[in-house]
Amino acid sequence: MMLDFVSVSKRFSRNAPPALEDVSFAVERGEIIGLLGHNGAGKSTALGILLGMVAPDVGEVSIGGISVQRDRVGALRQVGAIFEAPAFYEYLSGRRNLEVLTAYSGGVSRAEFDEVVEWVGLSGRIQHRVGTYSHGMRQRLALAQALLPRPQLLVLDEPTDGLDPEGIVEFRHQVRELRDQFGLTVLLSSHLLSEVEQVCDRVIILQKGKKVHEGPVGTAGERRLVLEIRSPMADSLLPLIEVEGGERLEDHHYAFPSEIEPSALLARLIAAGAPINHFARSEGSLEALYLRLSSISPAE
Amino acid sequence: MTFLRQLYWELFRLYARKRTYVGFGIFLVVEMLFYFFWTREKAEAGMAKFIERVAGGFDEYFSALTLAFLIVVFTMLLLGVIFVSLVTGDILAKESEDGNLRLLLVRPVSRFRLLLVKFLSCQIYTLSLFVFVGVSALVVGVIDRGWGGGMLVWAPELPRVSLFTWNEGLARYALAMVGFSLIYLPVIGIAFFFSCCRIKPATATILTVAICVADRILSAIPLPAFDPYREYFLTSRMEAWLYLLYQDIPWPRFIEAWGWLTGFGLTGFVLGWMLFERRDVKS
């Protein structure tokens, strides 16, 4: 077990609602797990507790079997982290920034340093001032600092925020590579459904500080064809959909076996006399799940 | 070794900032202003009168060392607290504001060590500032008055004027600069404490300067009723660096004052650490 989050609760002030409430989950070594939720769902608090920056009121987090709350330094030896909009010392070069930061990790060898810098694609600019870096280069530097010295768990907080499409694709590729080549466990916190869907093996959805879903992206996230179908006679539409092997997920969202051809299905529904106002493929199956969960209060 | 490496990189970071050199440059400008003041005809005439009265031999005692001493005292009185508060107030609060702190806090290092590195770097930085001011003032003095002569030290806090030969004066001047920087530990302690709080860096600086100025004003109230309490004021204690320029250094008094001030400064560090240790830093 790489990460064990056990019954963690946190409230920042007495009158405020809980930022996290009895959240538990575990992450196996080599897994890429997504932490999904709206702004304010508790993702940042969960990461803060995991990284020892926030003290939980109740519960405990262990990394590689070492409790963050009891031995923060020991637990963090295994972790590298990237935050949204990573801040560096602008007046120092990329190299100097890494040297300042890695000094607090006990230092790294020159060979390891150069290898990581080359791997993230910063070799040509590492001597330049960070103030001259583009957002994408800062993100590469952030990845480099997270990988020095080699961690076992990589924590990514909204890592692709502000990146251009090419940068996003490359970052996703790097995350997969880190797992596949180096065996890293990755915890990816994001509000981008497509990102989590494309990168993660499993997803945890937080809502108002509570865990409302945990499961593999492939099955619980509905790998079936999800369509948004709107009709003024929704009740009479449902039996027709069931005949086609479909299932209602939420208002206007229906899941069908993946082999169904949407245009043929639309033709059949119209032929069966169903008035259809809107017929569209839902952008992602995880989206359907997420929307469904979002429409339900955690208390329910 | 790891601790020293962390300290080295923290100092590297501090000295790599452009504003460090802007700050040093401002000190140099102010030193030059005081140099011009002390070498104007009227000021020099006043000094000549004073020196002839207390020691005799204006040319002997209005030397590079005496001039440097006068420049340093007034420059530090004007800027010392402000600059030290600025640097120390920034040390954590600015990193917290800029977001750099998060990247440090996820490193496998205790918060105590992180703060200790930063606190010590502030003290070393202050020492380097005093050395810079001391050396630059001396260079200005030597250019103006030449190498050699005696040294005359006078301040209201001194029981009488101190007179030194050139070599003795040089040693005392160097010792006083180091002592002066050590005496600043309470200012570092106060600013560091505020820097550990969840406040803006400018607020940490302003609060520290405000405390020091208020302390100075209260300690300087010339009423006999204040006399028994004067020793409890921070700025009164901080005048202890002048003991190093007494004709015969009263070491027990200096050590007592230095111990008191060090205790005060370290208390600021400990309180700041206790506060910071409990502080939630959200990512």
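**Conventions**

I am working on a predicted model, in which local features need pLDDT of at least 70 and side-chain atom pairs count only at pLDDT 80 or more, while totals for chains, interfaces and linings use all residues. Residues are numbered from 1 along each chain as its sequence is written, and chains are lettered from A and ligands numbered from 1 in the order in which they are written. Helices (H or I, at least four residues) and strands (E, at least two) are DSSP runs, numbered from the N terminus.

**Chain A overall**

I counted ten helices and 14 strands in chain A, whose C-alpha atoms fill a box of roughly 70 × 45 × 30 Å along the principal axes. Of the 300 residues in chain A, 44% are buried. Taking contact to be C-beta atoms, placed from the backbone, within 7 Å, I noted that 70% of the chain A contacts between residues at least 6 apart in sequence join residues at least 24 apart.

**Where chain A touches chain B**

I found 31 residues of chain A in contact with 24 residues of chain B. On the chain A side, two or more residues come from each of α1 (43-50), α2 (72-76), β6 (79-82) and α3 (94-103). I sorted that side into 21 nonpolar, seven polar and three charged residues, where Ala, Val, Leu, Ile, Met, Phe, Trp, Tyr, Cys and Pro count as nonpolar, Asp, Glu, Lys and Arg as charged, and the others, Gly among them, as polar.

**Cores**

I next looked at nonpolar cores, a core being a set of buried Ala, Val, Leu, Ile, Met, Phe, Trp, Tyr and Cys residues joined through C-beta atoms within 7 Å. The largest has 151 residues, and those with the most contacts inside it are A144(A), V155(A), L187(A), A68(B) and I71(B). Helix α5 (residues 64-98) of chain B gives the most to this core, with 17 residues. Leaving out residues up to four places away in sequence, I71(B) touches E31(B), F34(B), Y35(B), W38(B), A137(B) and V140(B). A second, separate core of eleven residues includes V226(A), L237(A), A255(A) and L265(A).

**Strand β11(A)**

I then followed β11 (residues 225-230) of chain A, counting strands as paired if DSSP finds at least two bridges between them. Four bridges join β11(A) to β13(A) (residues 253-256), antiparallel, and here V226(A) has A255(A) as its bridge partner. Four bridges also join β11(A) to β14(A) (residues 278-281), again antiparallel, and E228(A) stands opposite A280(A) there.

**Backbone checks in chain A**

I recalled that most residues other than glycine have a negative phi, and most peptide bonds are trans. A cis peptide bond joins L148(A) and P149(A), with omega about -15 degrees, and P149(A) lies in the loop between α5 (135-147) and β7 (153-157) of chain A. E158(A), in the loop between β7 and α6 (165-182) of chain A, has a positive phi near 45 degrees and is buried, because 20 other C-beta atoms lie within 10 Å. K208(A), in the loop between β9 (202-207) and β10 (210-216) of chain A, has a positive phi near 50 degrees and is partly exposed, with 18 other C-beta atoms within 10 Å.

**Helix α8(B)**

I last took helix α8 (residues 166-183) of chain B, whose 18 residues reach 25 Å from first C-alpha to last, close to the 26 Å expected at 1.5 Å a residue, the expected span being 1.5 Å times one less than the number of residues. Its buried residues, including G169(B), R172(B) and Y173(B), pack against α5, α7 (111-145), β1 (151-153), β2 (162-164), α9 (185-196) and α12 (251-277) of chain B.

How values were computed: Two residues are in contact if their C-beta atoms, placed from the backbone, lie within 7 Å. A residue is buried if 20 or more other C-beta atoms lie within 10 Å of its own, exposed if 12 or fewer, and partly exposed in between; C-beta atoms are placed from the backbone.
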